[in-house]
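Subject: Handing over the structure

Dear colleague,

I am passing on a structure for you to look through, and below it I have written out what was found. Please keep the sequence and the model open while you read.

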Amino acid sequence: MKWIVNGEVYEEQEARISSRNRGALFGDGLFETFRVEKGIPLFLNEHLVRLVQSAEKLRFTHIPDEQEFKRAIREAIRWNQVKSGYLRLTLTRGNGGFAVPLKQLDQPCYWVEARELPLKTNLYDQGIRAIVSYPICNPLSPTSGTKSLQFLDNIMARDDAEKKGVQEAILRTVEGDLCEGASSNLFLVRDGVIRTPALNRGPLPGIVRAWVIQTAHQLGLTVEESRLEPEELHQADEVFLTNSSLGVFPCVQVNGQSVGHGVPGPVTCRLIRAWKEAVMEQTKASF
Ligand SMILES: Cc1ncc(COP(=O)(O)O)c(C=O)c1O
């Protein structure tokens, strides 16, 4: 596998970052995870806009321009001959110790990895199971709502889920209400209305979350963004999750209790179909 590091191509074994890289030392950086289909990175512009906005929020003084990122993404797909797979762009504030003022750190560092990873189609028919996890999301944190490299809370929550034999952990805010999955956004459906935690409750402004909200409106479905309590998971007719790697996918069980009839519901299935169509549409364009 080849990696692109600051615009240069390296064999995986040769790709290096400094031991003073701030991403490694402090989680001082951001990442974006893309789905690639037919060699095209989906929602490319949306991901890059979120990256730039997050970098501004985290007070990066300088980041490579959009064209440079696009070139690196194109190269990573081409060198690794990815048709249907996964691509990750990581951006850190470069190298430097704790005492260096943020405004002096103007040499950011980025790298891109891409690999073949076809979708598992049974995920969409069978759905996944989840547990409700810690109250750890802090909507008031300055890093809230960014896809920052500080991801250990999410990894530990996911580890708890795996130890319980399920695939996803649903995180709560420090006030106990629902926030998002460890690597996904969360949606409930009740009486035909789609509900999702509002962005002011701290979830990542997910690329697929935004797509679902827009598409649901186009399909004539009602979407409410609000504060949601954990009990609402058990009252829901359907629960589904979204992320860029998997699109829209059903969650059929929470804390050992079936959601609705324990199978993917009609609203979820409709959005999965719409997602697959949107992917087909996007892969018609050149990149
Ligand atoms: C914590 C978290 N929330 C939500 C998402 C979904 O975001 P997106 O649709 O942009 O992939 C992710 C993606 O991995 C995530 O890690």
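Asp191 sits in the loop that runs between β10 (185–190) and β11 (193–197), where helices (H or I, at least four residues) and strands (E, at least two) are DSSP runs numbered from the N terminus. Although Asp191 is not a glycine, Asp191 has a positive phi of about 50 degrees. Asp191 counts as exposed because its relative accessibility is 65%; here exposed means over 50% relative accessible area, buried under 20%, and partly exposed in between, with a 1.4 Å probe and protein chains only.

Before going further, please note that this is a predicted model, in which local features need pLDDT of at least 70 and side-chain atom pairs count only at pLDDT 80 or more, while totals for chains, interfaces and linings use all residues. Residues are numbered from 1 along each chain as its sequence is written, and side-chain values use heavy atoms, with hydrogens and water left out.

Asn255 also has a positive phi of about 50 degrees without being a glycine, and Asn255 is placed in the loop between β14 (247–254) and β15. With a relative accessibility of 42%, Asn255 counts as partly exposed.

Val259 belongs to the loop between β15 (257–258) and α8 (266–282), and Val259 counts as buried because its relative accessibility is 4%. If neighbours within four places in sequence are left aside, the residues in contact with Val259 (heavy atoms within 4.5 Å) include Ala236, Asp237, Val239 and Cys251. Leu188 and Val259 are 71 residues apart in sequence, and their C-alpha atoms are 9.8 Å apart in space.

Asn80 lies in the loop between α3 (66–79) and β5 (85–92), and at 17% relative accessibility Asn80 counts as buried. A polar atom of the Asn80 side chain is 2.9 Å from the backbone oxygen of Ala76. This is a polar contact, meaning a pair of N or O atoms within 3.5 Å, where within protein one must be able to donate a hydrogen and the other to accept it, and residues adjacent in sequence count only if both atoms are side-chain atoms. Beyond the neighbours within four places in sequence, Asn80 is in contact with Met1, Lys2 and Ala114.

Which residues are closest to the ligand? Of the 17 residues that surround the ligand, the closest are Arg50, Lys147, Glu180, Ile207 and Ser244, and a residue is counted here if one of its heavy atoms lies within 4 Å. The shell around the ligand divides into five nonpolar, nine polar and three charged residues. A ligand nitrogen atom is 2.7 Å from an N or O atom in the side chain of Glu180, a ligand oxygen atom is 2.8 Å from a polar backbone atom of Ile207, and an oxygen atom of the ligand is 3.0 Å from a polar backbone atom of Val208. The elements that give two or more residues to this shell are β9 (178–181), α6 (207–218) and β13 (238–243).

The buried residues of α6 include Ile207, Val208, Trp211 and Ala216. Just after α6, Gly220 takes a positive phi of about 80 degrees.

Terms used
Ala, Val, Leu, Ile, Met, Phe, Trp, Tyr, Cys and Pro count as nonpolar, Asp, Glu, Lys and Arg as charged, and the others, Gly among them, as polar.
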